[in-house]
Amino acid sequence: MRYSQFMIPTLKEIPSDAQVISHILMLRAGMIRKLAAGIYIYLPLGLRSIRKMEQIVREEMNRAGAQELLMPMVQPAEIWQQSGRWHKYGPELLRLKDRKGGEFCLGPTHEEVITYLFANEIKSYRQLPINLYQIQDKFRDEIRPRFGLMRGREFLMKDAYSFHTTEEDCHREYKVMYDAYTRIFKRAGLNFRAVEADTGAIGGSRSHEFQVLAQSGEDLILSCDQCSYSANVEMAETAAPPEEARTVKAAKAEMEPLREVETPDQRTIEEVSVFLKAAPADLCKTLIYFDDQGRFYAVCIRGDCDVNEMKLRRALGVTAVYLAEDADIEKLTGAPTGFAGPVGLKIPVVADTTVKAMRNFITGANKKDVHLVGVNLERDVTIERFADIRLAQEGEVCPRCGTGRYKAYRGIEVGQVFYLGRKYSEPMGANVLGPNGEPIVCTMGCYGIGVTRSVAAAIEQNHDDDGIVWPAPLAPFEVHLVPLLMQGEAVVEATEKIYAELTSRGVETLMDDRDERAGVKFKDADLLGLPIRITIGKKALEQGAVEFKLRREAKVELVPLDKLLAKVKDTLRALYDECKP
Ligand code: ATP
Ligand code: MG
């Protein structure tokens, strides 16, 4: 491709509305432009990288036995009513009406459409298992679209759905997809981790996320430094709470009498523990939550620990939990925020397992400026339920192997696999006839990859101060030719010859034929970040050579013209080999 004829509107300045590096660099390198919040135009250069990611995904999905189809983006409300998600999905679902008043939505995901298709077309167990996928635009009216392609409203996703007659077969396919995803992200040159995950709005009972490790990631991952257990912090299990924080009044102590102490204006764990000269772990933190049905709960946890709201939501079996407002807290506990405690409360008390071992502890007295000391569960409190609702922390012992410790990473979720069970097949009638003519409700799995987000994640992971440093498999071109045009006819001729030779051998080459100064061309080459740069100048040409440089290395090498093609081929092979699954 000739640079002069290719649309690459690079920017010198950092765009003011971009915060993360992939967003900044994709704008600066002329890969994308914003049309509206979270809605982007993929320019020719950006599209080339997106298509490469798409192609890796397609090849690996086909290889794993899945079949590609393409479903509409506009979906009728009826099928969403059937699955029960028309009302549940919330404002992320963009709803619209046609001229006849018919209700539709823009697909944020396609479980309903695929299950509709399946229910109408697949009749016999002999047609199973089947795995169907598409690579298609999704629309989610995200509350905070940001970070460019990382969290868009319209974005490209690969979504796959599989159907099975037995749970075992569905678990087998889950593993097939897990392995395919591992190959996909390796082939894309990404440094990633597969972690146990919550199932969110999609539902189901088992799930893994594929997380690209990067400082700017929105997700927190905890990984054991000894065994293979990794989980999103939303899910991460906890073993015994950290030893260091054990309560000072250990379990063997005698039960003390319950008494009230004055704690004027001491509300937080920190304030109360300092004021009463106790360890935070001697306090039982009490938080008032309510769920999506408006039911209130008191949630207790040891003072040095934090509540994991995802775990709480699961423990309560509800779709959402929220912290109560001050006014509700006052109404329910009889005291302003900061003085709540489980003794004598009228709402159900849910306690983290850390509370079980507590003796003679301190809590709010449900009275302004008063706390209780010497609280003991068996005498003073009725706990409706104990559950693991604690937020796991870096450094604590791994609950799986019991020897390793959690290490924390930031991650960008690029893919997720779900075991759905019968969540959609049951309400939507995805049944087949079994060998003896009996109806079988199918078991389903679904599997998503954010194609556009993966490309952005690649940049988050691979860049320097000057620009992008593409992993070869996602680079829009492989070679950047930089002729120093001011240096005469010979340079132009040699460049054209190299360009013709490389392109005829299938090397994707961008030739900077613009009438620009060398400095400008080098700056743009660094910004665009293609893996190999070849500079053609008068001095080297006189020795029958050109300058060869890898974007990720500082070293510049002189390569004789007759060895250039082999050098390019060998280098590219080595770069792709690094990403072999
Ligand atoms: P998130 O938690 O980041 O909002 P999600 O868990 O809701 O994502 P899934 O339903 O699992 O997303 O969708 C599959 C994949 O689609 C995700 O793993 C992610 O890579 C991608 N994706 C989801 N939402 C967006 C978005 N707003 N912009 C770009 N890609 C997205
Ligand atoms: Mg997800």
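**Entry 1: around ligand 1**

I began with ligand 1 and found 16 residues around it, the closest being Arg140, Glu142, Arg151, Gly152 and Glu413. I counted a residue as near if one of its heavy atoms lies within 4 Å. The model is predicted, so I kept local features to pLDDT of at least 70 and side-chain atom pairs to pLDDT 80 or more, while totals for chains, interfaces and linings use all residues.

**Entry 2: polar contacts**

Next I looked for N or O pairs within 3.5 Å, the cut-off for a polar contact. The side chain of Glu142 has an N or O atom 2.8 Å from a nitrogen atom of ligand 1. Arg453 puts a polar side-chain atom 3.0 Å from an oxygen atom of the ligand. For Gln416 I read 3.1 Å, again from a polar side-chain atom to a ligand oxygen. On its own, ligand 1 has 580 Å² of accessible area, and the protein covers 85% of that. These areas come from the Shrake-Rupley method with a 1.4 Å probe.

**Entry 3: what makes up the shell**

Which elements give two or more residues to the shell? They are strand 8 (154–164) and strand 21 (406–421). Strand 21 gives the largest share, 5 residues. Strands here are DSSP runs (E, at least two residues), numbered from the N terminus. By class I noted 7 nonpolar, 4 polar and 5 charged residues. Asp, Glu, Lys and Arg count as charged, and Gly is among the polar ones.

**Entry 4: the magnesium ion**

Ligand 2 is a magnesium ion, and its protein donors are Glu413 (OE) and Gln416 (OE1), at 1.8 to 2.2 Å. Donors are N, O and S atoms within 2.8 Å of the metal (3.2 Å for Na, K and Ca); water is not among the atoms, so sites may look incomplete. Are these two buried or exposed? Glu413 is partly exposed at 23% relative accessibility, whereas Gln416 is buried at 10%. Buried means under 20%, exposed over 50%, and partly exposed in between (1.4 Å probe, protein chains only).

**Entry 5: cysteines**

I looked for disulfides, pairs of cysteine sulfur atoms within 2.5 Å, and the structure holds 0. Cys224 has its nearest cysteine sulfur, that of Cys401, 3.7 Å away. Cys224 is buried, at 8%.

Key
Residues are numbered from 1 along each chain as its sequence is written. Chains are lettered from A and ligands numbered from 1 in the order in which they are written. Side-chain values use heavy atoms; hydrogens and water are left out. A polar contact is a pair of N or O atoms within 3.5 Å; within protein, one must be able to donate a hydrogen and the other to accept it, and residues adjacent in sequence count only if both atoms are side-chain atoms. Helices (H or I, at least four residues) and strands (E, at least two) are DSSP runs, numbered from the N terminus.
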